[in-house]
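Subject: Handover of a structure and summary of findings

Dear colleague,

Please find below the structure that I am handing over to you.

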Amino acid sequence: MPTERAGYTATMFVVDVSPSMGTMRTVFLEPAEDGTERTKEVTHLQWALQYVMLKVQEMIHNGRKTDQCGVVLFGTEDTQNVVEDAHPGEGYTNIVEYIPIAHPTPSTLSKIAAITPSTHFGDPINGMIVAIQTQSEYLIRKPSWTRRMVLVTDGETPLEVEDWEATVDKINELAINTTIIGVDFDDEDFPFIEPDKSPVKRVNENFWTQFIDRVENGQIGTCAYALHETSRPEPRPTKSAMSNNVFRIGDPELFPEEVIEIAVKTSKATALVRPHSMKKFTKREVVAATQGGPSQAGASPDDYKHYVELKRRTDYVVKLIESGTEEEEGDEDREKQEPQGEVVEKETLVKAFKYGSTWVPCEEGHFEGLHTRKGIEVVSFIAENTYQRHFSMSEVQYIYADIGSSRAQVAFSSIVHAMFKKGFMAVVRWVNRDDSDPKMGVCKAEPGEVDYMMWVQIPFAEDVRRYPFPSLDRYVTKKNEVLEEHPYIPTSDMNAAMDDWVENMDLADAGPKDENGLRTEWFDLTQSFNPAVHRIKQALFHGAVVPDLKAEPVPPPHPEVTKYMESPRRVLKRSIPALEQCIRLFNVKEVPPKVPRKKEQKAIPVATENIDVDIDDILGPAVARSTPAPMQARPVSKRAVEPEKQPFKKPGHSLPSPTPSFAELPSAFHSTPKPDAKPKPGRIISNSRPLADFKKNIEAQGDLVSKVVEDMCAVIPEIVDASFSTQRYAEALECMQVLREVALKEDEIDAWNNFLREFKATCKSSGFRNKDFWSHVQKVGRKLSLISDTEAEENEGMSDVTDRAAAQFMKN
């Protein structure tokens, strides 16, 4: 028997289309959303062809050109097959080679779905003989291919059982894997027993059971069980390609006489499998035929619509300098506009490295790369018990000696056995080819019939992330007092209860019993399948053979896919007492769901006393802002003064800015003289328009980020201190938000954190006029707090402030 390989398979489907296959049957579908039971009326043939199409879909999904199939029909009205052509008149009539052997395509599924019952009867054994002959002629020059044959029948056709043993002998001689799928065949293991079975079908079932018993590699089953098993997860067999490399101990340049080099082969041991990818399509409307042109009769408008795959295209555009009016537009309007500017070709682009707030161009070949030598070079040996498992960060690969060199096999085997005997692992530096980036990894020795090593990548020093957290068994107060008894520290009873609960949840003895009556492990890695991969695959197969997914939704997943989604009942039952003990000792209570709090809108108090004071006596005469058209003045009552609502543009930031900039306010609204629009000496940001000056200098050419951030840190306290009441609070908050964003992106994190600490102390000092401003900062919350180490790492920066410290900073 030839060795079976992935692909290189020819499968013949022999399908019964006799009149009995047209019998109607009721198929139960998935219940509706309201729980209503749904059914569907189909023929025996339509029901059985689902199995054939699902098997063909598997070949299409695998994408191997060497996975091929053909379809032979018996019981047809016509006759067209190689046996009848070679030996006419010998009884091989009403048999058609419906689909020649080839790699299946979606059109193959369409042809299979179009098969309908006929009005003639055919002999299934003759149909199998035609399939064997057709397969043999196709594989005459491919003797190593695997042969398969699937017979689909309802067993209602009378058989001619003369010389059937010769057919079985031929099947065994050619090593054909034979499967018989019977519609409503009895299966005690499924279980299914058909009531009121006809005498002809009962005799045929017994015959096919005897037939399969004589086939060396054959199986028989009912169609219901076969359809159920098509959703069983089956990992796609793959074979990793072997690569050549050199296992090296020593430095061939410094000590060429002491170096050891062994020719080895490498291949993947594990590889990540992702769900079937999906592409984006759009419905394109094709222009219909014009008058006088060719057209189809009865064509509807939908006939001219079809889905077209979208293709991604990338254009490189040099942005134009935005004018001042464009800067004031909102971000939403700016996103809707297409990018304006000069389109450049990809070949004219130059890569650059970011250095601070500037970019350093780097043309190809400008910097000389690191020179490395191909090979797996041993750096050191470490004890296995000292290796930390969380350092493994890649897929596993095999390393074994070159099978073509006996000398390499002996040398490599010696190293493997020595490492295994001493309990050592090798830290190696892996380079796939000369001058490529090196990788660090560890090799574990695996002696056996074939001595090999298993390699996994480990991190460099820059790849390691350490996140410290407070101790769990002691508590340090703010006064640096160490407490061993505290509500945050568990007691001995709590530790014992938690240990008991964890031990009761052990899965090592939660599986089924073995032959000796002992409990086995519940979880088996080799039987744990990825639900995303197989569920998407099942939905894909189902959608390809079902015309209406709403009427016939995707059936539930196979139990093998979902068996590890729920904990075993035995473990849950025995862990309940320990869990209740933990709940009692830890005083666990259900946390009520958070209800979003609506922002309270405080009513403006109505003046009831001292109403004779004129507003002009406080703020001076009202001065209207310049507008394109003159505005008619309105009389103002002394008893209730209501300022006129002025429209303003919504800023493109999350913080509101209900008041305009200090420079934009009328002079009558200034409690103090209007500040100079020019910056103070030595600064590039003015106190009148700090935000506009800040953005303008950030976008300007040259490295001005540090200077701009420094000046903004000095301006914000000044405008808050000089503000009349809460007049410029909103503007100051917006300046702080923009300053924080720039500091985070431009690596000015320390400048922001130092500024915020000093500003908080300034706001609470006795000499500061508007001490209540810090309460407005606290209302904004975490968005204006210190920049933590987590935020800094996301933007390739560094910070010595933890998330907890940043949150606590705003509360004090």
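This is a predicted model: local features need pLDDT of at least 70, side-chain atom pairs count only at pLDDT 80 or more; totals for chains, interfaces and linings use all residues.

Residues are numbered from 1 along each chain as its sequence is written, and side-chain values use heavy atoms, with hydrogens and water left out.

The chain as a whole

The secondary structure comprises 22 helices and 23 strands; helices (H or I, at least four residues) and strands (E, at least two) are DSSP runs, numbered from the N terminus. Of the 812 residues, 33% are buried, where buried means under 20% relative accessible area, exposed over 50%, and partly exposed in between (1.4 Å probe, protein chains only). The accessible surface of the chain is about 54,500 Å², and carbon and sulfur atoms hold 53% of it; the areas come from the Shrake-Rupley method with a 1.4 Å probe, and for residues only the protein chains shown count as cover. Among contacts (heavy atoms within 4.5 Å) with a separation of 6 or more, 69% are between residues 24 or more positions apart.

The sheet around β1

An open sheet of mixed pairing is formed by six strands in the order β5-β4-β1-β6-β7-β8; two strands pair if DSSP finds at least two bridges between them. Since β5 (95-102) and β8 (218-222) each have a single partner strand, they stand at the edges, and one side of each is left without a neighbour in the sheet. On average, neighbouring strands of this sheet are turned by 15° against each other, direction ignored.

Strand β1 (residues 9-16) is joined to the parallel strand β6 (residues 146-153) by seven bridges. Met12 stands opposite Met149 in β6, and Val15 has Val152 as its bridge partner there. Eight bridges link β1 to strand β4 (residues 67-74), also in parallel, and Thr9 is partnered by Asp67 in β4.

Eight of the eight residues of β1 are buried, so this strand is largely enclosed by the rest of the structure. Thr9, Thr11, Phe13 and Val15 point one way from β1, while Ala10, Met12, Val14 and Asp16 point the other way.

Helix α6 (residues 199-214) lies across β6, β7 (176-182) and β8, and runs at about 150° to β8. Axes here are lines fitted to C-alpha atoms, for helices over the stretch in contact, and angles run from 0 to 180 degrees between N-to-C directions.

In helix α16 (residues 690-699), the buried residues are Pro690, Leu691, Asp693, Phe694 and Asn697. They cover an arc of only 165° around the axis, which puts them on the same side of α16; the arc is that of the directions from the helix axis to the C-beta atoms. Lys696 and Glu699 are exposed on the face turned away from that side. The cover over the buried residues of α16 includes α17 (705-721) and α18 (729-745).

In helix α22 (residues 803-811), Ala806, Phe809 and Met810 are buried. Their arc around the axis is only 90°, which puts them on the same side of α22. Arg804 and Lys811 are exposed on the other side, while the buried residues pack against α19 (749-763) and α20 (773-780).

The cysteines

With a disulfide taken as a pair of cysteine sulfur atoms within 2.5 Å, the count is zero. Cys223 counts as buried because its relative accessibility is 1%, and Cys582 because its value is 5%.

Yours sincerely
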